[in-house]
Amino acid sequence: MSAAPMTTGSSPRDGSRRHASPIDRAYLLDVLGRLLAIRSPSGMTDQIILAVSEELDTLRIPHSLTRRGAIRADLEGARHSPDRAIVAHLDTLGAMVKQVKPNGRLELVPIGHWSARFAEGARVTVHADDGRYFRGTILPLKASGHTWGDEIDAQPSGWAHVELRLDERCHGVEDLVRLGVNVGDTVSVDAQPEFCDNGFINARHLDDKAGVAALLAVARACRDAGAPLPVDCHLLFTISEEIGVGASHILHGDVSELVSIDNGTIAPGQNTCEYGVTVAMQDSSGPFDWHLTRHLLALCREHAIEHSRDVFRHYRSDAAAAVEAGNDIRTALACFALDASHGYERTHVDSLMALADLLYAYVCSEPLFRRDAMALGPVADFPQPPPAPEQPSADPAIADQAPPRQPGGESLTRA
């Protein structure tokens, strides 16, 4: 049993909320249900791109697409710079046909990083080049206890030890060729969503469709409020985060702050808030921006949003791809809670609402630093760090004496 996360803020466990939220809960859940019904493994995202574009049209929010289809929507502010962005990804995990097998089944490789352990038993669709599709199930090579006995529990877990059984009359390579199944066909995995009355949501692909739904709910709240934001905010919907590309090609150098939306993992050793929002301090790519991260934490405290802080070892998000692409931006990561990530996932609507509340508070807040409108600026405008602790003396004879202040030292430690 993992320890309870260290959280602050308040949110009762009965599903009610103690502060008025600008976010339409019913709309968020409706959008999430519609998103989960659309198959969008990395490399096959056209349908969900069009669906989100249509939703933005309904919200009367201007947007444009990159060549491959990543979406950039624009919420206009009172000032155009230094502008900010929030990013979530539309693509999900999936698989691809590696080989057609002599037994009439299909060998698979994963799209994205996920375990074959969670593929076993999944209902899927194979998408052929000519637009036809075929239903099937991913099974371990030894799938019948009546045939293999205890060997079904002893076989290894891995993509080399599963195969796809199509619901077609196919018993050899010739049958698969006749159907039109090819090496390289994309395989999408059923989301199988279930929305429980007590607020729990079970489905595959909540990463990151739950984050997308929260972001669209924020966009709707901004539209309904009518008042201009303090500064322009771009809503980014990327299409290749699960394969590491993410927000590397959609910023175009004009964004100074980027908040990425993704999942926080519920697991032993993690401090993710299951019914609130989690602000990540670091992931596998390194620490997030000190100032932007603490700005999000301050907004959680100011608006009584239940939250926690966490660090993720085996994890990266759209923000990492943006920085690696050469963008000089401040980045942060805000997470909804997710149990069994990249597997049979579960979240709670309270966590999604807390995430959306934080994002709404963020877009309504002033930019961190006016100087960030400039790519290069003088050191006098650079944000000052907090006061540094006094250095201990190496001389035992004067260890109990305060060290002398250095000339000009105050200007180095105070804003």
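1. The model is predicted; local features need pLDDT of at least 70, side-chain atom pairs count only at pLDDT 80 or more, and totals for chains, interfaces and linings use all residues. Residues are numbered from 1 along each chain as its sequence is written, and side-chain values use heavy atoms, without hydrogens and water.

2. The chain has 10 helices and 19 strands (DSSP runs: H or I of at least four residues, E of at least two, numbered from the N terminus). Of its 415 residues, 50% are buried (under 20% relative accessible area, 1.4 Å probe, protein chains only; exposed is over 50%, partly exposed in between).

3. Helix 2 runs over residues 46–58. Its 13 residues should span 18 Å at 1.5 Å a residue (1.5 Å times one less than the number of residues). The end C-alpha atoms are 19 Å apart, which agrees.

4. Which residues of helix 2 are buried? They are Ile48, Ile49, Val52, Ser53, Glu55 and Leu56. They cover an arc of only 160° around the axis, so they sit on the same side of helix 2 (directions run from the helix axis to the C-beta atoms). Asp46, Gln47, Leu50 and Glu54 are exposed on the other side.

5. Cover for the buried residues of helix 2 includes helix 1 (25–36) and helix 6 (206–225). Just after helix 2, Arg60 has a positive phi of about 60°.

6. The largest nonpolar core holds 67 residues (buried Ala, Val, Leu, Ile, Met, Phe, Trp, Tyr and Cys joined through side-chain atoms within 4.5 Å). Ile23, Leu28, Leu90, Phe237 and Leu358 touch the most other members. Apart from it lies another core of 24 residues, including Leu106 and Val181.

Notes: Contact = heavy atoms within 4.5 Å.
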